[in-house]
Amino acid sequence: MQAPVAADHGHTSSTGISNTKLAMWVYLGSDCLLFGSLISTYLLLRHRSVGGPTAEELFDIPFTSVSTFVLLMSSLTMVLAVSALMRHDVRLNRIWLGTTAMLGAVFIGGQVYEFTTFYREGLGYTTNIFGSAFYTLTAFHGVHVTVGIVMLMSLLGMSFRGNLGPERSETVETIGLYWHFVDIVWIIIFTVVYLIP
Amino acid sequence: MTTITDDVPAEAPSGHGHGLPSDAQYVKIALLLAFITVLEVGTYFIEEATTTLLVGILVPMMVVKFMIVAGYFMHLKYDNPIFRRIFLFGVCLAVVVFGIMLTTFGFFSDDFLRFPG
């Protein structure tokens, strides 16, 4: 039996390329410019503070390393969620989606803890130009992770309502693209902001 | 009109040209990423390391991690090449634009930190 592609993937064009996926890639390509601007601004401003604590005094690399590891593993669980749904394993898909959302929440919890600690140690958003650049960059990333968690929870809700079967694996894959991109951005932030003095 | 048939494998929806990695392969890839991260963090404990040395070590590791996640987890290695081109265009445009911006502000010059504020 043959069925139109549009019935399964909803937005596939006559070229055979999924419009939804194409739109996500275009968005991710444009998001590179957003994070590029934030990272380069941070690089320009990080050593320009004339008062207040500096990066070297504040950063807790072992703690941030654990957060990084958590986000990295969330990429694994995300890709396993996509893989499970492609194999028609809805139950496993739910487990991996839930795990990914939970790991994302742990990462955000770590970021909130880090921000709170920095604030207690004297680095507010307007304390110095390093603080402004640092909080803007990392908070923008945090907002992206939070949006990702909301999307994952929505997928989980759809799954429990029976609206996320194997025929919609591309939806999970597209959300997965966003999640992996957030991970990629953190790979850059972790190196450029935290590890390179 | 483009159609899809029942005998299309579930593992290859929407333009994946080749078979995707298995779950075991994904776990191996994640372990490799974790190993590279451990190496990155290890550089933090090298007290004698200069910034130039750290940049030389950390940036290539960052690029490798970036490529692994994009290639395998985001399926760019297996998916339609148009996605790869679109994403690379965004990445390259960001690198060029902000590279020019950093150069304009003298970020790569030796005098950069001599004139703070």
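Helix α4 of chain A and helix α1 of chain B run roughly antiparallel to each other (an angle over 145 degrees; under 35 is roughly parallel, 65 to 115 roughly perpendicular, the rest oblique). This is a predicted model, in which local features need pLDDT of at least 70 and side-chain atom pairs count only at pLDDT 80 or more, while totals for chains, interfaces and linings use all residues. Residues are numbered from 1 along each chain as its sequence is written, chains are lettered from A, and ligands are numbered from 1 in the order in which they are written.

**Exercise 1. List the elements of chain A and of chain B.**

Step 1. Chain A has seven helices and one strand. Helices (H or I, at least four residues) and strands (E, at least two) are DSSP runs, numbered from the N terminus.

Step 2. Read chain A from the N terminus: β-α-α-α-α-α-α-α. Its C-alpha trace spans about 70 × 35 × 25 Å along the principal axes.

Step 3. Chain B has three helices and one strand. Its order from the N terminus is β-α-α-α.

**Exercise 2. Check the length of helix α4 of chain A.**

Step 1. The helix covers residues 61–86, which is 26 residues.

Step 2. The expected span is 1.5 Å times one less than the number of residues. That gives 38 Å.

Step 3. The end C-alpha atoms are 38 Å apart, so the two values agree.

**Exercise 3. Describe how α4(A) packs against α1(B).**

Step 1. Two packed helices are described by the angle between their axes and the distance between the axes. Axes are lines fitted to C-alpha atoms, for helices over the stretch in contact, and angles run from 0 to 180 degrees between N-to-C directions.

Step 2. The two axes come within 10 Å and cross at roughly 165°.

Step 3. The crossing is right-handed (the near helix is turned clockwise from the far one by less than a right angle; anticlockwise is left-handed).

Step 4. Name the partners. Those of α4(A) include A:Phe69, A:Leu72 and A:Leu76, and those of α1(B) include B:Tyr26, B:Ala30 and B:Leu33.

Step 5. Sort the contact residues: 13 are nonpolar, four polar and one charged. Here Ala, Val, Leu, Ile, Met, Phe, Trp, Tyr, Cys and Pro count as nonpolar, Asp, Glu, Lys and Arg as charged, and the others, Gly among them, as polar.

**Exercise 4. Decide whether A:His88 and B:His75 are buried or partly exposed.**

Step 1. A:His88 lies in the loop between α4 and α5 of chain A. Its phi is positive, about 65°, although it is not a glycine.

Step 2. A:His88 has 13 other C-beta atoms within 10 Å, so it is partly exposed.

Step 3. B:His75 sits in the loop between α2 and α3 of chain B. Its phi is also positive, near 65°.

Step 4. B:His75 has 25 C-beta neighbours inside 10 Å, so it is buried.

**Exercise 5. Which residues does A:His180 touch, not counting those up to four places away in sequence?**

Step 1. A:His180 is in helix α7 of chain A. With 23 other C-beta atoms within 10 Å, it is buried.

Step 2. It touches A:Ser75 and A:Met78, and also B:Val69, B:Phe73 and B:Met74.

Definitions and conventions: Contact = placed C-beta atoms within 7 Å. Buried ≥ 20, exposed ≤ 12 C-beta atoms within 10 Å, placed from the backbone.
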